[in-house]
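Here is a short tour for anyone opening this structure for the first time. Take a look at the sequence and the fold, then read on.

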Amino acid sequence: MARRSLRIQEKKGVSSESQTQDAGVIQDSDSIVDRKRAREDEEDQEYDEDPDDGEEVAPKRKKKKTKKSSGSSTKRQRMPEQFRKVRGRLGLLEKLAKEVPLDVILEIFCYLEPGDLLRLARTSKDLRDILMSKSSESIWRIARETLNDLPPRPDDLNEPQYAHLLFEPYCHICRHSGRCETVLWNFRMRACKKCALDIFPSSWDQQYINAQPFAYRDTDVLPIENQRVGNREIANRYKAEYEALSTEEDRNAWIDRKRKERRVINEHARLCEQWHRARLNDRADVLSDVRRERKEAILNRLEEIGWRDEAEKIMSGPSYYDTFSDHKLVKQSKKLTEHGWRSIKDEIVEFLSDRKADRVTAERNRILSARLASIQKAFSNIRSESDLREPFPSLGDIFVNKIFDALIRDTPQNEDLNEDFFHLKLLEHLPGIIDEWRPGKIQELVEVMQRSRPTATANDLYLATTIFECTGCYQRSLLRYPQMFYHGCCMENRNPGFAPGLYFWHEGPWSSTRIVFSDARSEIAKTVIEACSLNPATATFEDMYDANPLAECQTCAVDPQSWEGGRLFMRWPLQVSSVMLIIVFALMLPVF
């Protein structure tokens, strides 16, 4: 109550004294308003600050809406934009510089790094006056000596300049705000890759070299960074200094002095680069530890909701398959907070759910592939011992059969279905599968033949004039019954629904989609059969093999004088592959 009364009295004093319109009274009134604004800043104006590299912002607390006077809203509007997100009390640095004893300030500054002093000097005019004075050089030196293995300050730089070179991670040419860790120590500056390529000439640039005085052109006087680039600004300054000297003795002494300076600068640059790399490595180690702690914190949170095992399964594989550790929300170098976990939880769980579905699918496909390989071995052994003069199912036909499809897909994954198991099952079920499968496929082939011969039946498949072609082959293969049932093009898997997940498997169910009846070849066969005095309507392939006719191809005749010259004769059924034949009846004799 006493404090409130005092404030009321102050307001009354301000109101009464303001009526006198005295300059001194106005000044006292301004000081009272300043104190009031300071108290309001302490009580009300606290804002969230932007997150640092290693921390996340805590969730904002919602304040209860209260009625505010027009003066309060005016204060909010007058708040500079750069301070509106600052959390904490405003004006503490200014208060530190004005009210804290100087010896205490200097003692505090000795525990800071030079980079901190440099940034602190830019915060207020009072602090700048303290830190940039010549008497504060010892503070900079003490702060610099706290850094391990940092080379001493070079003679051509003062303490703030040296701190600027060491700790200001931006390009000194384009002033881009992004981090620039490329330091050209010989040139006392930082430069991004783009600026370095645009500004600095290469050390072997003849135009750059020829512009320098001949006396020291080929010596180690000119500044060179990393044995690759030069600096025109420094070179022009050297040239002006050299040409300003009138006597040869002075010029030679200048060259010797610059040569010694260059050796000192090169050695100092080498030490600075070592320190800089060590500092970057230390920073990388710190960030790596933060990322590791963040990942472990996420794993602990996932354990609470039952997803840690799935994440560990992802991490247990090769590093290039560890998509969990490389996830954008996991590999951040930020400490995980409660608010941060709530913001990423749903996305992490969704990611793990998708990876689990992929893993289960891949594991199932692996088991299906192993079972399919076992059934292939058992089926190949049985087929090699079977009579193939009649159509025999392909492996794809066995795989899609409901009996074996159920065995392969529906049997629990932890049960081992090996080759012996499938061998017994094939011996048990294969005869019934063949009896069910064969009539339908033969009828399918007859329907292909009936497109050219509508009256054809299944018995016509055995005739020597029944010849089919495969449209899938580059050069159409000629096929007779039952060769097409073992032709690879007829068993290629072109149905995406066959064996999903087993995309590498090529022997699918047999299909006649690539088979067509060959009218032209059938006419040639008919000509040969008639020349053998056989009836084309009844002669079979076995009859023609018994006749074994010999024919000459007139279209293949060449110059007898050439090395490949002569006449071409062929036996059945090669005559069918030749388009134009002249049958030599005198030679159509069986071979004994």
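A disulfide is counted here when two cysteine sulfur atoms lie within 2.5 Å of each other. Searching the whole structure with that rule turns up 0 disulfides. C171 is in no disulfide, and the nearest cysteine sulfur, that of C174, sits 3.5 Å away. C192 is in no disulfide either: its nearest cysteine sulfur belongs to C195, at 3.4 Å. C171 is also buried, with a relative accessible area of 2%; buried means under 20% relative accessible area, exposed means over 50%, and partly exposed is in between (1.4 Å probe, protein chains only).

Some ground rules: this is a predicted model, in which local features need pLDDT of at least 70 and side-chain atom pairs count only at pLDDT 80 or more, while totals for chains, interfaces and linings use all residues. Residues are numbered from 1 along each chain as its sequence is written, and side-chain values use heavy atoms, with hydrogens and water left out.

## The big picture

The protein has 20 helices and 9 strands. These are DSSP runs numbered from the N terminus, with helices being H or I over at least four residues and strands being E over at least two. Of the 592 residues, 35% count as buried.

How much of the contact list links residues 24 or more positions apart? Among contacts with a separation of 6 or more, such pairs account for 61%. A contact here means heavy atoms within 4.5 Å.

## Two helices that cross

Two packed helices are described by the angle between their axes and the distance between the axes. Take helix α8 (residues 137-145) and helix α9 (residues 159-167): their axes come within 10 Å and cross at roughly 35°. The axes are lines fitted to C-alpha atoms over the stretch in contact, and angles run from 0 to 180 degrees between N-to-C directions.

Which residues make the contact? From α8 come E137, W140, R141 and R144, and from α9 come E159, P160, Y162 and A163. Sorted by class, that contact has 4 nonpolar, no polar and 4 charged residues. For that sorting, Ala, Val, Leu, Ile, Met, Phe, Trp, Tyr, Cys and Pro are nonpolar, Asp, Glu, Lys and Arg are charged, and the others, Gly among them, are polar.

## One side of α14

Helix α14 (residues 308-315) has R308, E310, A311 and I314 as its buried residues. They sit on the same side of α14 because they cover an arc of only 160° around the axis. The arc is that of the directions from the helix axis to the C-beta atoms. What covers these buried residues includes α13 (248-304) and α15 (338-384).

## Around C470

C470 belongs to strand β5 (residues 468-470). Is C470 buried or exposed? With 0% relative accessibility, C470 counts as buried. Leaving out residues up to four places away in sequence, C470 touches R476, S477, L479, H487, C489, R514 and I515. C470 and C490 are 20 residues apart in sequence, and their C-alpha atoms are 8.4 Å apart in space.

## Two serines in loops

S518 is in the loop between β7 (515-517) and α19 (519-531). At 2% relative accessibility, S518 counts as buried. Not counting residues up to four places away in sequence, S518 touches I467, F468 and E469.

S124 is in the loop between α6 (114-120) and α7 (125-131), and is buried at a relative accessible area of 18%. The S124 side chain reaches the backbone nitrogen of L127 at 3.3 Å.

Where are the cis peptide bonds? One joins Y481 and P482, with omega about 5°, and another runs from W572 to P573, with omega near 10°. P482 is in the loop between β6 (477-479) and β7, while P573 lies in the segment after β9 (566-571).

R188 is not a glycine, yet has a positive phi of about 60°. R188 is in the loop between β1 (183-184) and β2 (189-190) and is buried, with a relative accessible area of 17%. N548, also not a glycine, has a positive phi of about 50°, and lies in the loop between α20 (541-547) and β8 (550-558).

Notes: Polar contact = N/O pair within 3.5 Å; in protein donor to acceptor, adjacent residues only side chain to side chain.
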